[in-house]
Amino acid sequence: MVLAKSWTLKKHFEGNPTNDNFELKTAELPPLKNGEVLLEALFLTVDPYMRLAAKRLKEGDTMMGQQVARVVESKNSAFPIGTNVLASSGWTSHSISDGKELEKLPTEWPDTLPLSLALGTVGMTGLTAYFGILDICGVKGGETVMVNAAAGAVGAVVGQIAKLKGCKVVGAAGSDDKVAYLKKLGFDVAFNYKTVESLKETLKTASPDGYDCYFDNVGGEFSNTVIPQMKKFGRIAICGAISTYNSTRPLPPGPPPEVIIYQELRMEGFIVSRWQGEVRQKALKDLLKWVSEVRVYESRHLCPEEAGYNANHVKSKTKDHYCSCLAEAENIIPDQQNLKK
């Protein structure tokens, strides 16, 4: 008998996530059928997109999300016991799969790299950075890139890839510790948007000639300040809008239309699942190679312990833990008043 412990969405979010939004449930899993495997979670993710995507869940559903899992029982020859896979099983300790949606970790995965990176720099967040900066923004050597939430799992990789391609990179983050981290990663300019006197002037000082590419994770007033400083034919990759996710007030108006028109800017929203097949596999190989060669430093936050979310942790985590992690994943709501300066 296998008992699966799962965090479910007890009620939909209104404003910031709270303990009351989640409920831990235990369910007995049925015996395996032919072609099925039993998975035990090794690592789970808490990602900003969940704040929006949870709207599509019904109350009582298991919280969505990817996990690195290990096959602990198998009736599917393609996935023998001990196989490590990427699964979209959500916040649960154990699950049953027919194998159709499972993805084996690359055979060339080095023993020296933690498996948790398959959910981060060599996984969804790394791929988001990769395709956003290379395909959507199409960066070229010598260009100037602006990225906000730059110390986050996506932003930190965006900046490092842009540096690999020969760009000048300016990053904004929400604490002095994060700014120090960005400088360690090689960002040319990094600043704490919460403490600068004027975001507008700080951006101008960082790049007086403006910005060729803007990788946007924040939205709101921050973007309204950046976009007027874009160069002619600038490109904007809209990855997220974390400043708005928990807002219960009307959202601020967007950037001035005349700026977008007369600067001939291109803005494009994207979801990483667009890229599949060979292009996705090539991206994963590139990311794995860069991390292995320490050309890109891994970007991850394991809360609260370095061991990550293994099955035992899933059994014992409190709702406070998941609420705090979800809030931290959203990089704390940017101070809209400060962004207006």
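1. Start with helix α3, residues 155-164, and ask what covers its buried residues. The cover includes α2 (124-136), α4 (176-185) and α8 (277-292), along with the strands β8 (144-147), β9 (168-173) and β11 (211-216). Keep in mind as you look that this is a predicted model. Helix α3 is mostly covered, with eight of its 10 residues buried. Those buried residues are Gly155, Ala156, Val157, Val158, Gly159, Gln160, Ile161 and Ala162. After α3 comes glycine 166, which has a positive phi near 90°.

2. Now step back to the whole protein. Its secondary structure comes to 11 helices and 13 strands. Of its 341 residues, 53% are buried. If you take the contacts between residues at least 6 apart in sequence, 69% of them join residues at least 24 apart. The protein exposes about 15800 Å², and carbon and sulfur atoms supply 51% of that area.

3. Next, have a look at the aromatic rings. The structure holds eight aromatic pairs. One of them joins phenylalanine 270 and tryptophan 275 in an edge-to-face arrangement, with 6.0 Å from centre to centre and 75° between the planes. Phenylalanine 270 is buried at 9% relative accessibility, and tryptophan 275 is buried at 9% as well. Both also belong to a cluster linked by ring pairs, made up of Tyr130, Phe131, Phe215, Phe270, Trp275 and Trp290.

4. The charged end of lysine 104 sits over the ring of phenylalanine 79, 5.3 Å from the ring centre. Likewise, the charged end of lysine 232 sits over the ring of phenylalanine 233, at 5.9 Å from its centre.

5. Which other residue is worth checking for a positive phi in a residue other than glycine? Glutamate 264, whose phi is near 50°. Glutamate 264 sits in the loop between α7 (257-262) and β13 (266-269) and, at 41% relative accessibility, counts as partly exposed.

6. How many disulfides does the count come to? The count is zero. A disulfide is a covalent bond between the sulfur atoms of two cysteines. Take cysteine 137: the closest cysteine sulfur to its own is in cysteine 213, 4.5 Å away, which is too far for a bond. The cut-off to compare with is 2.5 Å between the two sulfur atoms. Cysteine 137 is buried, at 1% relative accessibility, whereas cysteine 239 is partly exposed at 23%.

7. Finally, find threonine 92 in the loop between β5 (84-87) and β6 (94-97). Is threonine 92 buried or exposed? With a relative accessible area of 5%, threonine 92 is buried, because buried means under 20%. A polar atom of its side chain lies 3.1 Å from the backbone oxygen of histidine 94.

Methods. Residues are numbered from 1 along each chain as its sequence is written. This is a predicted model: local features need pLDDT of at least 70, side-chain atom pairs count only at pLDDT 80 or more; totals for chains, interfaces and linings use all residues. Side-chain values use heavy atoms; hydrogens and water are left out. Helices (H or I, at least four residues) and strands (E, at least two) are DSSP runs, numbered from the N terminus. Buried means under 20% relative accessible area, exposed over 50%, partly exposed in between (1.4 Å probe, protein chains only). Contact means heavy atoms within 4.5 Å. Accessible areas come from the Shrake-Rupley method with a 1.4 Å probe; for residues, only the protein chains shown count as cover. A polar contact is a pair of N or O atoms within 3.5 Å; within protein, one must be able to donate a hydrogen and the other to accept it, and residues adjacent in sequence count only if both atoms are side-chain atoms. Rings of Phe, Tyr and Trp (its six-membered ring) pair if their centres lie within 6.5 Å; planes under 30 degrees apart count as stacked, over 60 as edge-to-face and the rest as tilted. A charge sits over a ring if NZ of Lys or CZ of Arg is within 6 Å of the ring centre and within 35 degrees of the ring normal.
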